[in-house]
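Please go through this model strand by strand.

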Amino acid sequence: MTTTSYTGLQSVIWHDDKLDLLDQRLLPEEIVYLPLETSEDVWEAIRHLKVRGAPAIGIAAAYGVVLGSRSAESAEEWLTAVHKAAEYLATSRPTAVNLFWALDRMKARAEAIAAEGLTLEGTKQALITEAIAIQSEDEETNRMIGEHALSLFQDDIGVLTHCNAGGLATAKYGTALAPFYLAKERGMNIRVFADETRPVLQGARLTAFELHQAGIDVTLICDNMAGHVMSKGWVNAVIVGTDRVAANGDVANKIGTYSVAVLAKAHGIPFYVACPLSTIDLNTPTGAEIPIEERNAEEITEGFGKRTAPQGVKVYNPAFDITPNEYVTAIITEKGIIEAPFDVNLKKLFE
Ligand code: MRU
């Protein structure tokens with residue numbers, strides 16, 4: 001994929017030793033970059049979905065560790081601050097494993113840097129380099145995911161996606177949306193159906209926004225229309241991102257993904273999951289052990305800026321659900337396309 005094919009907004013920007021974050025809550029109406037100065041700012045941005053999407057959360061958290069340790073006045077103080085910031089940032093959201101992956105990588109790198117005997121300034125700079133590497137590797141990873149995913153698609157087909165696993169959720173290109181950018185560049189016509197993705201509308205506000213901005217054929221539908229468009233024969237494949245893949249291939253993704261997978265199976269439509277290796281968690285045996293975040297009732301009762309439910313009504317608002325592995329046709333990673341048996345084949349990826 002050439003860099004010219006993607007002109008989307010960058011969600012996390014590190015420049016001149018400063019962190020700027022695109023406030024994704026305000027999209028598509030306003031494009032506002034927030035300057036973040038402390039690890040507390042980053043924690044708050046992750047918790048409140050200013051930055052969201054598994055890889056982007058990991059990238060922001062890596063810079064959060066940098067911000068949380070940069071005022072240290074000695075090497076010992078710096079290493080303590082790195083660990084403290086990492087532990088604190090790990091409490092921002094529970095489901096996306098990329099957060100913990102990025103924090104573990106920053107802690108491990110900090111330990112190695114501390115042993116190198118650099119100056120304090122050199123030590124701090126080396127950790128910035130690691131955060132930048134996490135971000136730029138994600139861009140390359142997504143290009144490869146896009147290539148593999150596109151090899152599964154023909155010209156002139158319809159593909160449905162849920163939530164936002166695009167450029168906004170990653171360093172660039174996205175995971176599930178990467179093949180659409182690539183297809184456009186190669187003159188292929190893929191018609192994308194984007195579920196609006198209640199309650200926070202990542203599909204409507206973010207996926208429809210970034211694909212439409214790129215000139216990709218995207219049609220926005222309400223979540224409860226997915227079965228209908230499938231029954232019309234308009235959907236040839238489903239592709240989604242994920243926040244965590246368990247060792248047995250069960251997949252956590254935005255609430256509603258499971259329903260889409262069941263509908264896809266009922267219609268004989270392949271259901272693909274696109275993700276980097278950093279989203280695969282072999283330490284979590286099955287989907288049952290993946291922690292599912294529950295969010296505020298107001299996301300449902302006042303989600304459109306207006307009260308849409310009676311005061312005091314009971315609300316259940318899980319942010320993610322688990323799609324059991326039997327609904328997953330393949331998991332598309334930077335290392336290739338993985339099919340069942342997932343427990344065996346996911347393990348092989350790390351050998
Ligand atoms: O609550 P969000 O917006 O962080 O949820 C995001 C998703 O569920 C994405 O599909 C997932 O993180 C993959 S992003 C490449």
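Two strands pair if DSSP finds at least two bridges between them. Strands (E, at least two residues) and helices (H or I, at least four) are DSSP runs, numbered from the N terminus. This is a predicted model, in which local features need pLDDT of at least 70 and side-chain atom pairs count only at pLDDT 80 or more, while totals for chains, interfaces and linings use all residues. Residues are numbered from 1 along each chain as its sequence is written.

Strand β13 (residues 330–333) pairs with strand β14 (residues 336–338) in the antiparallel sense over three bridges, and Thr333 stands opposite Gly336 in β14. A hairpin through two residues joins β13 to β14. Strand β10 (residues 271–274) runs parallel to β13, joined by three bridges; Tyr272 has Ala330 as its bridge partner in β13.

In a regular strand the side chains alternate between the two faces of the sheet. In β13, Ala330 and Ile332 point one way and Ile331 and Thr333 the other. All four are buried, that is, 20 or more other C-beta atoms, placed from the backbone, lie within 10 Å of the residue's own.

These strands belong to an open sheet of seven with mixed pairing, in the order β6-β5-β4-β7-β10-β13-β14. β6 (218–221) and β14 stand at the edges with a single partner strand each, so one side of each is left without a neighbour in the sheet. The partner of β6 is strand β5 (residues 190–195), which runs parallel to β6 and is joined to it by four bridges; Ala194 stands opposite Leu220 in β6.

Definitions and conventions:
Buried ≥ 20, exposed ≤ 12 C-beta atoms within 10 Å, placed from the backbone.
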